[in-house]
Each structure stands twice: as C-alpha cells, then as structure tokens.
Amino acid sequence: MSCILHIETSTSACSVAVSEDGQNVFTKEDLNGPSHAVQLGVFVDKALSFADSHALPLNAVAVSCGPGSYTGLRIGVSMAKGICYGRNLPLIGLPTLKIQCVPVLLYHDELPDDALLCPMIDARRMEVYAAIYDRALKPLRDTAADIVDGHSYEEFLENHPVYFFGDGAAKCRSQLTHPNAHFIEGIRPLASMMFPLAEKAMAENDFKDVAYFEPFYLKEFVAGKPKKLI
C-alpha cells in the first residue's frame, strides 16, 4: 500500500491532494490564484490532518518540479522538502508538462493510437515551454523553450496528429494551422492528476535527493545572462 501527498504550484493554480494506492482520498484546489503563499500552507495542513486522522501513514511527498512560475515552484518545492525533512519521507519530483498529459490520456478516449501530445506552459509573448510525448508518455522531444511560428513542430505534424494543450496552447492556434494540429482546452497541472506518475515513481524507487533537489524554472539566456520569464 502507498499513501502519497501531492503538491502542485507551478502555474496560477494551487492544489494539494492525498492518494492511497493511486486513488484520490483528499483534494484542495484554488484555481483563481496565484495565491500560493496564502493557500498552500492551509491546504497542506488540512491534508496532513486528514491523513493523520484517518490513520493513513504517508509514504512519500510528490511535487511538480517545473517548468513553471519561479515563485510558485519555490513555494511548492520548499513546502515539499520541509515535510520530507520533518516526517523523514522520500521526495518525488514530477515534470509539470508530463502532469498535464495525464487528464488528456484519462478523459480523451478519441485520441488515435498514433497521436502525439504537446503540453505547453505560457512563457509570455509567443514563447512557450513545451515537450512532445507519445501516448505511453515516452518523450520524443525533451522540454525546450520555443518561439512558436507557422513552422513549429512540423517534423511531428507531418506524420502524426499532435494535440496541443495547457495555458500556452491557446495563443498558438493562429500559428499552428497544420491540419494535424488539434487543441484541447481546459487542461492545467493539478495535484489530483499526479497520482499515476507518482505511483510509478514510487514503484521504481525514483526519488530525489531532498537536500539538493531544485525545480526547473522558466529561464532563457539572452546575451549570456539568464532572463526569468515568469
């Protein structure tokens, strides 16, 4: 049996969940943020109280590790690490873009077998952070900062239907006009969507070093200097 606390603060949404053997037993969400500094501590306290009152011994803490908001990731990862230290628990770090793929795979049965998934996080202007996965969540292109234009992702769009989603996808509609480009609305990274990925990491003992773990911030290098995008 496994009981995992999940924390997701990479975008404007703040969410916390507890899973038991991959099933949701507790969820708190604020989708109107960003209000992570105010809400996260309250949500985590309620989640821990729920687990303790129901005699659910936590086995790990899972946290979204970016890319995403610099401030949001700092708050979420700091909270996760603090709980791991305080309760002597292992830490699971999950890529934010991969978390966004979970609701697409769970709730969109119409996807063809050869579909590719392109989760996007808004990095302002026509920039996004994106990755390309197949339906088994095998990365076909790792996370990268993209300036989207009419030729973006052509090597994938020529051979596969590609589904774009996340808070960076809407602004790309006017540029990505290839007939194989499809858009799914309403997808955001949430703690309640972390369960399958966290369970897999738990089974594989894929844990992070709590002392040295850092999230993946949205940065780009301009003239050799890092520029914070969010």
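Guide: From strand S5 (91-94), a DSSP run of at least two E residues, Leu91 and Gly93 point one way and Ile92 and Leu94 the other, and all are buried, that is, under 20% relative accessible area with a 1.4 Å probe and protein chains only. This is a predicted model, in which local features need pLDDT of at least 70 and side-chain atom pairs pLDDT 80 or more, while totals for chains, interfaces and linings use all residues. Residues are numbered from 1 along each chain as its sequence is written, and side-chain values use heavy atoms, without hydrogens or water.

S5 pairs with S4 in the parallel sense over 4 bridges (pairing requires at least two DSSP bridges), and Gly93 is the bridge partner of Val63.

Ile92 and Leu94, together with Leu117, have the most contacts inside the largest nonpolar core, which has 30 residues; such a core joins buried Ala, Val, Leu, Ile, Met, Phe, Trp, Tyr and Cys residues through side-chain atoms within 4.5 Å. A second, separate core of 26 residues includes Leu91 and Val63, as well as Ile83 and Phe213.

Leaving aside residues up to four places away in sequence, Leu94 touches, among others, Ala62, Ile99, Met194, Leu197 and Ala198, where contact means heavy atoms within 4.5 Å. Leu197 and Ala198 are among the buried residues of H5, with Phe195, Ala201 and Met202. Seen down the axis of H5, these buried residues fall within an arc of 165° (taken from the directions from the helix axis to the C-beta atoms), so they line one face of the helix. They pack against S5, and also against S1, S2, S3, S4 and H3.

Definitions and conventions
Buried means under 20% relative accessible area, exposed over 50%, partly exposed in between (1.4 Å probe, protein chains only).
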